[in-house]
Amino acid sequence: MRVLGIESSCDETGVALYDTEQGLLAHALFSQIDLHAEYGGVVPELASRDHIRKTLPLIDEVLNSAGLTTQDIDAVAYTAGPGLAGALLVGAAIGRSVAWALDKPALAINHMEGHLLSPLLEDRSPAFPFVSLLVSGGHTLLVDVKAVGDYELLGESVDDAVGEAFDKTAKLLGMDYPGGPYLAAKAEEGTADRFEFPRPMTNRPGLDFSFSGLKTFAMNTWLDSDKTEQDKADIALAFQTAVVETLAIKCRRALKQTGHKRLVVAGGVSANKALRTKLDAMPGVDVFYPRQQFCSDNGAMIAFAGAIRQQAMVKQDAPSFSVRPRWPLNELTPP
Ligand code: ATP
Ligand code: MG
Ligand code: FE
């Protein structure tokens, strides 16, 4: 089964073709970073308009590079949320239209499930169950993943997401948007232990996070400093170390609580080298990531999530049946 995936939830247009037998056939991405850079953040209306311009050409590009045509597509998956409404509507309208024209199923995919499943695209891929740490521009989530679609939220950020905290801290240090990767690069020139930042919410039980205080701590440290390039690097390193250690502490707790031995990390911040080094060093735990280019938004993860869901649906439609001896009323959804 070949599934076309379309991602348009924010400022990246991603398209990919995934084959359940052969794996990923092709993928293409257009990042709007340059479009939004001068505004210091994503401008929703500009994002929607650019998705309109880029989605169809990217679909052509992906089909061409796979040597296939629209007739070879068995299903179309698109990101239906969470994200910017107008941006999502572009991908949804195009995805639904292509599926309708081809008389194939259209699959509405959750963007965070896309990130969550993205490490399964790799050769070294995790078996279920596992703990998932999702660290992106809009989310910081710890999830107990028992199977595809069987997710229990263990913890989340009560304020800024990790990526957002990276971006805001980078911005106050004068870096371009999105500043996460710039801040990480600057931290490599930093002197360890010059500044000690707090590890928010680690000295009480629980798996929730709070990152907005770290940003304020960084700002005060910056304003109190001589504002040299070295000060900037030292603050970047202290901030990153605090974030990474806080995430590692909560991951360890989540693994202990669930008894799982596998940790899966995804979302834009999972590209961070210091985070990977720290998590890889945890004893007795196997850690899995997407490849670097699939850490942030992409069409491959949407095509893949669509393929897994469509395959499960085809199996359900097969002449078989099951019963649920326990079936609480509150688990029903409207027809
Ligand atoms: P969401 O997935 O929650 O809807 P999003 O799609 O905007 O949000 P992603 O594209 O997954 O988020 O990730 C982008 C974020 O990752 C940005 O905040 C960016 O700064 C951050 N990021 C990317 N690379 C790094 C890095 N090396 N270190 C730290 N942060 C990084
Ligand atoms: Mg993005
Ligand atoms: Fe994302």
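How many nonpolar, polar and charged residues does the shell around ligand 1 have, by class? The views below take this up, beginning with the domains.

This is a predicted model, in which local features need pLDDT of at least 70, side-chain atom pairs count only at pLDDT 80 or more, and totals for chains, interfaces and linings use all residues. Residues are numbered from 1 along each chain as its sequence is written, while chains are lettered from A and ligands numbered from 1 in the order in which they are written.

**View 1. The protein chain divides into domain 1 (2-117 + 294-331) and domain 2 (128-289).** The bounds come from an automatic or database domain assignment. Taken over C-alpha atoms, the domain centres are 27 Å apart.

View 2. Helices are DSSP runs (H or I, at least four residues), numbered from the N terminus.

View 3. The shell holds 23 residues; Gly137, Gly138, Gly163, Gly180 and Gly268 are the closest. A residue counts as near if its C-beta atom, placed from the backbone, lies within 6 Å. Two or more residues come from each of α4 (111-117), α5 (162-172) and α6 (180-187).

**View 4. The shell around ligand 1 has seven nonpolar, 14 polar and two charged residues.** Ala, Val, Leu, Ile, Met, Phe, Trp, Tyr, Cys and Pro count as nonpolar, Asp, Glu, Lys and Arg as charged, and the others, Gly among them, as polar.
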